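Please look over the sequence and the model shown below.

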Amino acid sequence: MNDNTKNIQGQEEQTKEVINEIKEEYVKTADFLENNTNEQFKIAGELKEELKNNDFDANIEELKALKEEITGLKAEIKRLNEMENISLSSLVIKDIKAVGNSLINLQEKVIGSIKHLYDNMKHQLSYNLTKAQEKLVKVKIGVVKGLVNSMQSFIKDQQKKLDSCLEKLDNLSKEIQKDEE
């Protein structure tokens, strides 16, 4: 076996490792977004029930739609993860990038839903609430702030990891193309 073939095989192994790393990050991100959305959904439901008003219906509808999108994306990630014999030249790279873009889009939507929920909760404090209701809203505001903080740090970390992985993929594809020529 000549050096060139060995080189290309080594690069293909590296490619598989990077792709697996990306897929792992995608699973983590989708799970994180799902948990975050479920938490928001629970809070919106509890507040609707406790405050006995329909102000949170819009949040609940938004979160239901988000949950469906996340479920769809998780199915897409599962499909990606079950693919065998991935090579750089295959369409999988496009799929991986498409899923990455969908995840970024979903992250923005989840951030938007948190903002809507937070704004709605702050607005509730302008009503004549009982002391117990006011205390509940303030506690839930604290929980939502926690969701925001964990989301910000999670996204920052994920973005660094994914950027680094995609950069490795791009470099590997250039190396492989060069070696194949």
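The buried residues of helix H2 are Asn59, Ile60, Leu63, Leu66, Ile70, Leu73, Ile77 and Leu80. They belong to a predicted model, and they pack against H1 and helix H3, which covers 92–124.

The chain has four helices and zero strands, so that, by the DSSP runs used to define elements, the order from the N terminus is α-α-α-α. Confidence in the prediction can be read from pLDDT: the mean for the chain is 89, and 94% of its residues reach 70 or more. Among the elements, H2 has the highest mean pLDDT, at 94, while helix H4 (residues 131–180) has the lowest, at 88. Where pLDDT is low, predicted coordinates should not be read in detail.

What are the spans of the C-alpha trace along its principal axes? They are about 80 × 25 × 15 Å. The radius of gyration tells a related story: the chain has 22 Å, whereas a compact globule of 181 residues would have a value near 16 Å. Buried residues make up 36% of the 181 residues. Among contacts between residues at least 6 apart in sequence, 81% join residues at least 24 apart.

H1 has 49 residues, which at 1.5 Å a residue should span 72 Å; the end C-alpha atoms of H1 are 71 Å apart, which agrees. H2 (residues 57–82) has 26 residues and should span 38 Å on the same basis, and its end C-alpha atoms are 38 Å apart, again in agreement.

Leaving aside neighbours within four places in sequence, Tyr26 is in contact with Ile77, Ile96, Val99, Gly100, Leu103 and Leu162.

Ile19 is placed in H1, which runs over residues 3–51. Ile19 counts as buried because its relative accessibility is 1%, and buried means under 20%. Ile19 and Glu61 are 42 residues apart in sequence, and their C-alpha atoms are 35 Å apart in space. Lys16 is also found in H1, but with a relative accessible area of 35% Lys16 is partly exposed. The C-alpha atoms of Lys16 and Leu169 are separated by 9.5 Å, although the two residues are 153 apart along the chain.

Thr37 is another residue of H1. Is Thr37 buried or exposed? At 0% relative accessibility, Thr37 counts as buried. A polar atom of the Thr37 side chain lies 2.7 Å from the backbone oxygen of Leu33. Beyond its neighbours within four places in sequence, Thr37 is in contact with Leu63, Leu66, Lys67, Ile70 and Val110.

H1 is followed by Lys52, which lies in the loop between H1 and H2. Lys52 has a positive phi of about 50° although it is not a glycine. Most residues other than glycine have a negative phi. With a relative accessible area of 69%, Lys52 is exposed.

The last stop is Gln133, placed in helix H4. Gln133 is buried because its relative accessible area is 18%, which falls under the 20% limit. Which residues does Gln133 touch, not counting those up to four places away in sequence? They are Glu50 and Leu51. A polar atom of the Gln133 side chain lies 3.2 Å from the backbone oxygen of Glu50. The side chain of Gln133 also reaches the backbone nitrogen of Thr130, at 3.0 Å.

Note on methods:
Residues are numbered from 1 along each chain as its sequence is written. Side-chain values use heavy atoms; hydrogens and water are left out. Helices (H or I, at least four residues) and strands (E, at least two) are DSSP runs, numbered from the N terminus. Buried means under 20% relative accessible area, exposed over 50%, partly exposed in between (1.4 Å probe, protein chains only). The expected span of a helix is 1.5 Å times one less than its number of residues. Contact means heavy atoms within 4.5 Å. pLDDT is the predictor's confidence in each residue, from 0 to 100. A polar contact is a pair of N or O atoms within 3.5 Å; within protein, one must be able to donate a hydrogen and the other to accept it, and residues adjacent in sequence count only if both atoms are side-chain atoms. The radius of gyration is taken over C-alpha atoms; the globule rule is 2.2 Å times the number of residues to the power 0.38.
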